[in-house]
Amino acid sequence: MQQHTVSSEILSQLINVTNQLDDAHFSQPLSILSGNTFGKHVRHIIEFYNCLVDGYDSGIVNYDLRKHNLQIENSKQSAIEAMNEIFAAINKLEDKSLVLNVDYNGSGNAQKTFTSFNRELVYNIEHAIHHMAMLKIAIAESLSHVILPENFGVAYSTVRFREAQCAQ
């Protein structure tokens, strides 16, 4: 399965779940998330994808330069619109070489790592699944009215492993 397709599936799952919440639940601090909200996790996922899409033309990606858009964090409709925009953008972009800038110590001297658009899509997929796994726990604990898509927050390798186990 291609990275574009998997990213689209993940964004579709997040849109599905976000649609089941009202803004109050979307922005409600949850103790199971250390006081963070469902919306903060969704915003975080969105902003990583946005950094990749925004860096495509220049060829430089820097996840440290996220915008921390509170509108996306507090408004489910804003989050859904942002996810739809990402969905449309990534499906128009092809693989190409990129440079990933990372500044671990905040010195302003970013380290450069050579990468590619498809490799960074893989990173964003795994990053999103990680946050979706946390959201899955929060949903079970505090938002039990939400119906999760199958395999929400489960790594694709785990899904394949489970399918192989069931086939035996």
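These legends go with a set of close-up views of one predicted chain.

The model is predicted, so local features need pLDDT of at least 70 and side-chain atom pairs count only at pLDDT 80 or more, while totals for chains, interfaces and linings use all residues. Residues are numbered from 1 along each chain as its sequence is written, and side-chain values use heavy atoms, with hydrogens and water left out.

View 1. Helices (H or I, at least four residues) and strands (E, at least two) are DSSP runs, numbered from the N terminus. Along the sequence they run α-α-α-β-α-α-β-β-α-α. With a radius of gyration of 17 Å, close to the 15 Å that the globule rule gives for 168 residues, the chain is as compact as a globular protein of that length. That radius is taken over C-alpha atoms, and the rule is 2.2 Å times the number of residues to the power 0.38. Of the 168 residues, 46% count as buried; here buried means under 20% relative accessible area, exposed over 50%, and partly exposed in between (1.4 Å probe, protein chains only).

**View 2. Arg43, Glu47 and Glu73, linked in a network of salt bridges.** A salt bridge is a side-chain nitrogen of Lys or Arg within 4 Å of a carboxyl oxygen of Asp or Glu. Glu47 pairs with Arg43, their closest N and O atoms being 3.0 Å apart. These two sit four residues apart in helix α3, so about one helical turn separates them. Arg43 also meets Glu73, at 2.7 Å from N to O. This second pair links distant parts of the chain, with Glu73 in helix α4 (residues 70–74) and Arg43 in helix α3, 30 residues apart. Glu47 and Arg43 are both buried, and Glu73 is buried too.

**View 3. The salt bridge between Lys67 and Asp54.** Here the N to O distance is 3.7 Å. Lys67 comes from the loop between β1 (60–61) and α4, Asp54 from helix α3, and the two are 13 residues apart. Lys67 counts as exposed, at 68% relative accessibility. Searching the whole structure turns up three salt bridges.

View 4. Most residues other than glycine have a negative phi. Asn151 lies between α6 (117–142) and α7 (156–167), where it is partly exposed, with a relative accessible area of 29%.
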